Amino acid sequence: MLGSGPAKPPESYDVPAGTTLRIDQVPEDRGASTYVEYFGGWIGAGWVASTDEGVAAEPCAADAARRWFLADGTTELGEEAYVIVANPFAAAAVMNVVLYTSDRAPIRDSEWTDLVIPPRRSMALHLNTKVEGEPAVAAALEVSVGRVAAASLGVSDRTKLRGALGWTEPTTGATFPLMQGSGHTELLLLSTAPESIRFGATELSEGQPRPAGGLTEQEHGPAAARAYPIPVGPGPLGIDLFTLEDAAVVAALRAVGPGEDIGATAGAVAPSDSWLVLPAVSRAHSTPGAVLVNDGDAAVVATVELLPREGGTAAAPVTVRVPAHAAAAVPPDFWASASGAALLIRSDGRSLVALAASTSGEADAFALSMGVPLPPDP
């Protein structure tokens with residue numbers, strides 16, 4: 001585990017084939033992160049952070065990078081926004097941080113210019129110290145020396161949590177699966193372009209596709225980060241973001257769960273025919289759920305398999321049919337039979353997108369966690 005102090009000696013674990021390993025750790029500070037190295041076969045990894053009333057979850061970054069963009073920030077009353085930056089390497093990293101809001105010019109602060117991240121350290125950048133009262137605050141990290149990994153962390157009223165992995169490049173489109181929400185959902189969009197752009201969003205659900213939140217040819221201002229409300233139902237769905245004239249953007253999705261906790265995800269910029277979906281639950285009395293989104297022109301049939309903890313048992317695999325331009329849920333009783341297991345999802349050769357959306361505890365702590373696409377078979 002990495003933090004503000006010297007890194008502790010690494011711990012070694014064996015992960016038997018076809019199983020899920022959960023490692024419990026208590027971070028020393030808010031800026032802590034975990035660096036995972038593996039040898040032999042391939043593994044997928046993710047993290048779950050929890051308090052008494054909140055849960056945050058997302059997959060780990062596949063690699064460090066020289067650029068990161070994080071769209072899920074808000075510094076309104078009762079909200080604390082952080083960017084967690086990890087440098088797992090033996091040499092220091094140096095970076096500049098640029099903040100974007102809806103109307104202000106890009107914010108460059110001298111304290112976050114040529115900012116040094118010491119080797120094998122991790123730190124939390126508190127966005128509220130640079131800009132307050134903004135419904136959307138996005139951050140861009142420009143690394144001049146070394147490479148880092150970055151994710152956002154949101155803390156609401158001190159106990160509720162959400163988190164989203166950053167993007168390393170802007171793109172012209174992305175998909176954001178969702179389920180189990182209360183209907184209060186926001187699409188967070190960042191454009192660093194010096195001119196206005198236009199974009200739209202389509203809701204893919206169990207019914208016919210339709211514009212999401214009325215976003216069809218929405219204008220988005222230059223060098224700006226904004227939040228766009230999208231009222232949705234609690235069922236399985238996907239928000240398909242697209243831009244016009246190949247404009248490049250960064251985005252995230254923020255949704256209120258059935259309680260008051262908020263979940264967030266960075267979505268997926270590309271579909272895959274195979275996914276590993278890691279649990280997003282933190283404690284007993286949990287309701288794990290998974291949603292599959294198909295933006296293709298033909299139906300997809302996916303086989304869903306449980307990967308139990310070592311020594312555990314799992315129900316037989318099930319199949320889920322996802323119609324074209326639609327979304328479908330994994331049967332809830334299936335994952336509930338082994339809520340600590342990961343899901344291995346393989347389609348019939350067509351591509352889709354997969355996400356975990358789960359509640360935990362009596363407070364219905366809500367978390368969204370994107371699946372991890374499996375690498376191609378050698």
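The questions and answers below go through a predicted model.

Student: What is the strand order of the open sheet of five strands?
Tutor: Strands are DSSP runs of E with at least two residues, numbered from the N terminus. Two strands pair if DSSP finds at least two bridges between them. The pairing in this sheet is antiparallel, and the order is β24-β23-β26-β20-β29.

Student: Which strands stand at the edges of that sheet?
Tutor: An edge strand here has a single partner strand, so one side of it is left without a neighbour in the sheet. The two are β24 (318-322) and β29.

Student: Which residue is the bridge partner of Ala302 in β26?
Tutor: Strand β23 (residues 300-307) pairs with strand β26 (residues 342-347) in the antiparallel sense, over six bridges. In β26, Ala302 has as its partner Ser347.

Student: Is Pro373 buried, partly exposed or exposed?
Tutor: Pro373 is found in strand β29 (residues 372-373). Buried means under 20% relative accessible area, exposed over 50%, and partly exposed in between, with a 1.4 Å probe and protein chains only. Pro373 has 42%, so it is partly exposed.

Student: Which residues does Pro373 touch, not counting those up to four places away in sequence?
Tutor: Contact means heavy atoms within 4.5 Å. By that rule, Pro373 touches Trp42, Ser272, Ser274 and Trp275.

Student: How many residues of strand β5 are buried?
Tutor: Strand β5 covers residues 93-100 and is mostly covered. The count of buried residues, out of eight, is seven.

Student: Which residue in β8 stands opposite Asn96?
Tutor: β5 runs antiparallel to strand β6 (residues 115-117), joined by three bridges, and there Val94 stands opposite Val116. β5 also pairs in the antiparallel sense with strand β8 (residues 138-145), over seven bridges. In β8, the residue opposite Asn96 is Glu142.

Student: How many salt bridges does a search of the whole structure find?
Tutor: A salt bridge is a side-chain nitrogen of Lys or Arg within 4 Å of a carboxyl oxygen of Asp or Glu. The search finds 17.

Student: How many residues apart are Arg162 and Asp72?
Tutor: Their side chains meet in a salt bridge (3.1 Å, N to O). Arg162 is in strand β10 (residues 160-165) and Asp72 in the loop between β3 (67-70) and β4 (79-87), so the pair links distant parts of the chain, with a separation of 90 residues. Both Arg162 and Asp72 are buried, and the number asked for is 90.

Student: Is Lys130 buried or exposed?
Tutor: Lys130 forms a salt bridge with Asp109, the closest N and O atoms being 3.3 Å apart. Asp109 lies in the loop between β5 and β6 and Lys130 in the loop between β7 (121-126) and β8, so the pair ties together parts that are 21 residues apart in sequence. Asp109, at 25%, is partly exposed. Lys130, at 17% relative accessibility, counts as buried.

Student: What is the relative accessible area of Glu217?
Tutor: Glu217 meets Arg198 in a salt bridge (2.9 Å, N to O). Arg198 is partly exposed at 30%. Glu217 is exposed, and its relative accessible area is 52%.

Technical notes:
Residues are numbered from 1 along each chain as its sequence is written. This is a predicted model: local features need pLDDT of at least 70, side-chain atom pairs count only at pLDDT 80 or more; totals for chains, interfaces and linings use all residues. Side-chain values use heavy atoms; hydrogens and water are left out. Helices (H or I, at least four residues) and strands (E, at least two) are DSSP runs, numbered from the N terminus.
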